[in-house]
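Subject: Structure handover

Hello,

Here is the structure I promised to pass on. Please open it beside this email and follow along.

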Amino acid sequence: MTARTPSRSAFVTLGTGVLLVSSALVTPALANDTPASPTTPLWSFANVSVNYLDWSSGTEARTASNAAKSDFTFVEIEGGVGYSWGEFYGFFDFENPTNDQFDESSGGKDNFRTAGKVTSHIYLGDSPLSIYAHLYDFRDYGFNAREQDQILGLGYRTTFDNGLWFKPFIGAARVQSDGYTGMNGFMAGWVAGYDFSALNQNFSVTNWHEQTFGRDDEYLEQNYVGDKADSVGTNGALSLWWHPSELITTGVQYRYSDNKLGTPNAYQNAMIYSVKLNLL
């Protein structure tokens, strides 16, 4: 029995729905001196962006025979909202949005793909600790490949006097994929950011980082191309953003990974060039 591959229109509809729901959730709170209602957001943002990811020539050479990488364009819907009791963040990407599900000219390297993530911190009272949950879903429709990572654990939230904010987490990991489904070790990581001004312009630096460890041997054999991957995997990006106006943000990101993205025992890196339209 052959599994039916979802159509592109279904995911365009899903992405539109994500944007509409995000817009409904992130209505800004009114400024007043009364305590915020549990249903009133304390902060929110939402944007749509166009991005170009340019893999390094070394990465393309190292992955040529094991989950080969090719430069691509992606459209992203992104948003976040914070309440007195917790906060949520999510994005949904359409990679190679104008291509067929299987791209003949590139031998499948430039297939239409989707990727999405939702994370949450549910605060533990007035402490900086939180219950952390994280779901990431990736699909390559040309190869009928999918992987969904599910993380549940503890988070921590702090903002330093200089304005640097830092949110680390650690949790147990479970994976659902076409090659392996089950518990899959642990993930630790963080998101961090810092806003600053220079030359009368507003900038920010952000970093997300994920370290997986203790991953299952069967997963490491089934979900990687050409060889078994190491039990430790690294994934992340370091970004510099320029905010020329409230409507527009543009930036450059250094994307890095090791023993991830389907390629075993190889460091992978790329530059991502982004322009965002800020909706909130």
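Below is what turned up, taken topic by topic.

**The chain as a whole**

Keep in mind that this is a predicted model. The protein chain has three helices and 13 strands. It holds 280 residues, and 42% of them count as buried.

**A run of paired strands**

Start with β8, which covers residues 165-177. Strand β6 runs antiparallel to β8, and nine bridges join the two. Within that pairing, Glu-147 has Ser-177 in β8 as its bridge partner.

Strand β7 spans residues 158-159. β7 also pairs with β8 in the antiparallel sense, over two bridges. Here Thr-158 has Phe-166 as its bridge partner in β8. The hairpin of β7 and β8 has five residues between the strands. Look for Gly-163 there: its phi is positive, near 100°.

Next comes β9, residues 181-198. Eleven bridges pair β9 with β8, again in the antiparallel sense. A hairpin of three residues joins β8 to β9. Find Val-175 and you will see Gly-182 of β9 opposite.

Which residues make the nonpolar surface patch? They are Trp-85, Ile-122, Leu-124, Leu-129, Ile-131, Leu-152, Leu-154, Tyr-156 and Ile-170. Together they cover about 770 Å². Two strands, β5 (129-140) and β6 (145-156), each give at least two residues to the patch. The largest share, three residues, comes from β6.

Is Leu-129 buried, partly exposed or exposed? Its relative accessible area is 37%. Buried means under 20% and exposed means over 50%, so 37% makes Leu-129 partly exposed.

**Aromatic rings**

A search of the whole structure finds 16 aromatic pairs. One of them is Tyr-83 with Trp-85, a stacked pair. Their ring centres are 5.1 Å apart, with 10° between the planes. Tyr-83 counts as buried, at 9% relative accessibility. Trp-85 is partly exposed, with a relative accessible area of 36%.

Phe-196 and Phe-203 are also worth a look. Their ring centres lie 5.6 Å apart and their planes meet at 20°, so this pair is stacked. Phe-196 is partly exposed, at 27% relative accessible area. Phe-203 counts as buried, at 19% relative accessibility. There is also a cluster: ring pairs link Phe-45, Tyr-89 and Phe-91.

Tyr-273 is found in strand β13, residues 267-278. Tyr-273 is partly exposed, with a relative accessible area of 40%. What does Tyr-273 touch, not counting residues up to four places away in sequence? The answer is Val-50, Asn-51, Tyr-52, Asp-54, Gly-251 and Val-252. Take Gly-251 from that list. Gly-251 and Tyr-273 are 22 residues apart in sequence. In space, they are 6.1 Å apart, C-alpha to C-alpha.

Best wishes

Methods. Residues numbered from 1 in each chain as written. Predicted model: local features only at pLDDT ≥ 70, side-chain atom pairs only at ≥ 80, totals over all residues. Heavy atoms only, no water. Patch = residues over 30% accessible without salt bridge, like charges linked within 9 Å, V, L, I, M, F, W, Y side chains within 5 Å. Areas by Shrake-Rupley, 256 points an atom, 1.4 Å probe, with all protein chains shown as cover. Salt bridge = Lys/Arg side-chain N within 4 Å of Asp/Glu carboxyl O. Helix = DSSP H or I, 4+ residues; strand = E, 2+ residues; numbered from the N terminus. Buried < 20%, exposed > 50% of the residue type's maximum accessible area, 1.4 Å probe, protein only. Contact = heavy atoms within 4.5 Å. Pairing = 2+ DSSP bridges. Phe/Tyr/Trp six-rings, centres within 6.5 Å; stacked < 30°, edge-to-face > 60°.
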